[in-house]
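This briefing is intended for a reader who is new to the structure. Please keep the sequence and the three-dimensional view at hand while reading.

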Amino acid sequence: MGPLKNKFKRSFPDISAKNGEESVLEGLEDEIPEEIRVAEASDSEEEEAPDEDSTSESEDEPIFTDSEDADSSGESDEDDSEAEDAEVKEENTENILPGDEDKKSKEEDEYADDTSDEEDIRNTVGNIPMHWYDEYKHIGYDWDAKQIVKPEKGDQLDDFLKKMEDPDFWRTVKDPQTGQNIILSEEDIELIKRIAGQKIPDKEFNEFEPWVDWFTSEVEKMPIRNIPEHKRSFLPSKTEKKKISRYVHALKMGWMKTKEELDKARAQEKAGPRFYMLWESDNTTESMRRIHDHVSAPKRPLPGHAESYNPPPEYLFDKKEMREWKRQEQEPHKRKLHFIPQKFNSLREVPAYSRYVHERFLRCLDLYLCPRAHRMKLTIEPEYLIPKLPSPKDLQPFPTHETLVYVGHSDIVRTVSVEPRGEFIVTGSDDTSIKIWEVVTARCVKTIQTKDIVRSVAWCPNGKLSIIAVASGQRLLLINPETGDKLVVTKTDELLAEAPENDQLDPERLKAAVQWTEPDGFEHKTGLRIVINHFKQIKQVTWHGRGDYLASVLPDGAHRSVIIHQLSKRRSQFPFSKSKGLVECVLFHPVKPLIFVATQKSIRLYDLVKQELMKKLMSNSNWISDMAIHPKGDNLIVSTYDKKILWFDLDLSTKPYQTMRLHKEAVRGVAFHRKYPLFASGGDDSSVIVSHGMVYNDLLQNPLIVPLKKLETHEKVNDFGVFSVMWHPNQPWVFSTGGDKTIRLYT
């Protein structure tokens, strides 16, 4: 039992040295059989204690013995082996030099501190989620297969007391493997700090060592040889040629198959046999045909009662129908039937159809020669065609209902104009009178009689003057209404009382067309201050924004159809020397020195300073009735007698940006609001349509045009509806005049 005993003794320190754990050694000692332990105890008393050097050397050396020899041999063998061991050790100690001992110790300690191959054997459960042990009292098993009991957990109060009392609480961490609390050393904390600070964990590592350029950045071309390739290197070998030709022949004959063909064959084998519908319906597409997207021929119509061998009497031709049939012999396509219905007693008596072959031939020609193709039909829903417009509720305020009706005229009310402050309105009628009304109460403040039909009235836009221009027959009347501020009224009278001195002599042509006069007596008392007599009937009068200039339109005046008058100098002038057509209306630009002149089909824009044509706008309509300019001056709306409203963007094009057909009959008047993004139109269908017209400062964004409200309260009289519309200068209110002798206010 000696060698066996020594073997166990020497192997235990090795295990303990490898693992470094006392528990492992104890576990191994527990596993030793009882017989060996008794033998060890008996032999230990007999053995002599050897020297320390020799024991250490003997422990380092492993001794290999045969178990059979150990069993067979007795104590004599044990003594012999011990003697041999002693001799070997002596020889080894004699051969080792002093320098070699140091080398040997260095070699032994080379991997003493290396922990790269160590395994964490405190808990042997392996890499599993530790929360599996939440419901158990233990947290795994140690090397001896004993349960690792979880440490006692305190409540939050215990943790708080530990935090207060234990100085090492801040450096204590919990081991997830064993559940034990571990106190970190100073080296561990230093290492954690360096890693958290994104530094290199090793203190001694120098990251700023001098750079060693091992490889050059220059690419050098150094060929091994520069001999041009021989011609025979480009020729394929004959053996490869034969091999490829055999492959090609095998593929052609079908002996050899490609990978794709093999995969296809395998897939067909898996799918099994395929069955086809023999009696498939005619409507479904024929999947077996080689012609893709085949269009089936149109079928012949089914025979009717007329084609029967025994048709009802009403289907048989009478004499009149027979004459009609014969008359259309030259134009057979006009006939209702391509044959004459006949009556037979039985089906056996029906003869052969004489035109059968001819009709079959035509049918075949239709099938062969008529092209049949799928036409891609665009499925355009109505929602796509209609633009998405905002809701009218989001575009308030705008007029929605009639508030006041101004009644007092005895004939058609053609025109209306509003005072700059919005307190009064003036209207002109075919009863040769103008009336001044108070806006809020609909009370007629003043009535002034003229000698002719009033076709146009315009209140001076300058708030410092109280003047109304009235176009009555061939006279242009400048009237002081004597309403509002008395200081403004007296100042206006003083300004119009004295005629300024004019050194320039007017030409004879101008004197014959226009004469400035001052009324006397009764007309002066009614408020008339200046009368400008024209040579033709005046249709329209309009003011410049500053209130010093006004223009009058005489459609029958040819090249003198537009006359511009200057109030301060009491002078008139003809801006045009040639006639460009029948002038319908004129309009001053709100900002620039420009004038719009509308003829029947076009609008010309002239520069008054340079005296030249700037632009010509094409309306694409038959007759223009009225126009209005946006307060910013970049957009123009035009009404026409052919039921259209045209929106022109002056910066965009000379053609209409948008054409609106909102009215059912002729549109007679349009107007822009001065402050709100609104415009209104009135027509002979007795309706006033209010629309939203937002013009953006961004030139890339198109104007937003949304019809909002249709107001139909005027009555139609002699096919006349609404003549003119006008906005209140400050409020979103609109006035309209009509053929029913009334003026209506919508708010």
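Through how many residues does a hairpin join β31 to β32? The hairpin between β31 and β32 passes through six residues. The model is predicted: local features need pLDDT of at least 70, side-chain atom pairs count only at pLDDT 80 or more, and totals for chains, interfaces and linings use all residues. Residues are numbered from 1 along each chain as its sequence is written, and side-chain values use heavy atoms, with hydrogens and water left out.

- Helices (H or I, at least four residues) and strands (E, at least two) are DSSP runs, numbered from the N terminus.
- Two strands pair if DSSP finds at least two bridges between them.
- Strand β31 (residues 722–727) and strand β32 (residues 734–738) run antiparallel and are joined by five bridges.
- Within this pairing, Val-734 of β32 is the residue that stands opposite Trp-727.
- Residues are called buried under 20% relative accessible area, exposed over 50%, and partly exposed in between (1.4 Å probe, protein chains only).
- Because five of its six residues are buried, β31 is largely enclosed by the rest of the structure.

**The sheet β27-β28-β29-β30**

- This open sheet consists of four strands in the order β27-β28-β29-β30, with antiparallel pairing.
- β27 (667–672) and β30 (704–711) stand at the edges with a single partner strand each, so one side of each has no neighbour in the sheet.
- Neighbouring strands of this sheet are turned by 20° against each other on average, direction ignored; the axes are lines fitted to C-alpha atoms, for helices over the stretch in contact, and angles run from 0 to 180 degrees between N-to-C directions.
- β27 and strand β28 (residues 678–683) run antiparallel and are joined by five bridges.
- Val-670 has Ser-681 of β28 opposite to it.

**The sheet β23-β24-β25-β26**

- Four strands, in the order β23-β24-β25-β26, form another open sheet with antiparallel pairing.
- At its edges are β23 (624–629) and β26 (658–660), each of which pairs on one side only.
- On average, neighbouring strands of this sheet are turned by 20° against each other, direction ignored.
- Three bridges hold strand β25 (residues 645–649) and β26 in an antiparallel pairing.
- Met-660 in β26 is the bridge partner of Ile-645.

**Nonpolar cores and cysteines**

- In soluble globular proteins, nonpolar side chains tend to be buried together.
- A nonpolar core is a set of buried Ala, Val, Leu, Ile, Met, Phe, Trp, Tyr and Cys residues joined through side-chain atoms within 4.5 Å.
- The largest core has 22 residues, and those with the most contacts inside it are Ile-467, Leu-478 and Trp-543.
- At least two residues of this core come from each of β11 (468–472), β12 (475–479), α16 (508–513), β14 (528–534) and β15 (540–543).
- Contact means heavy atoms within 4.5 Å.
- Leaving aside residues up to four places away in sequence, Ile-467 touches several residues, including Trp-459, Leu-478, Leu-496, Trp-543 and Leu-567.
- A second, separate core of 16 residues includes Cys-585, Ala-598, Phe-648 and Leu-650.
- Cys-585 is buried at a relative accessible area of 3%, whereas Cys-364 is partly exposed at 33%.
- A disulfide is a pair of cysteine sulfur atoms within 2.5 Å, and by this rule the count is zero.

**Salt bridges**

- Side chains of opposite charge can pair when their charged atoms come close.
- A salt bridge is a side-chain nitrogen of Lys or Arg within 4 Å of a carboxyl oxygen of Asp or Glu, and the structure holds 17 of them.
- Arg-266 and Asp-263 form a salt bridge at 2.9 Å, N to O.
- These two residues lie three residues apart in helix α11 (residues 259–271), so about one helical turn separates Arg-266 from Asp-263.
- Arg-266 is partly exposed at 49% relative accessible area, and Asp-263 is partly exposed at 39%.
- Arg-668 and Asp-684 meet in a salt bridge at 2.7 Å, N to O.
- This pair links distant parts of the chain, 16 residues apart: Arg-668 lies in strand β27, and Asp-684 in the loop between β28 and β29 (688–694).
- Asp-684 counts as buried, with 6% relative accessibility.
- In the salt bridge between Lys-710 and Glu-712, the closest N and O atoms are 4.0 Å apart.
- Lys-710 is partly exposed at 35%, while Glu-712 is exposed at 52%.
- A network of salt bridges links Glu-402, Asp-740 and Arg-744.
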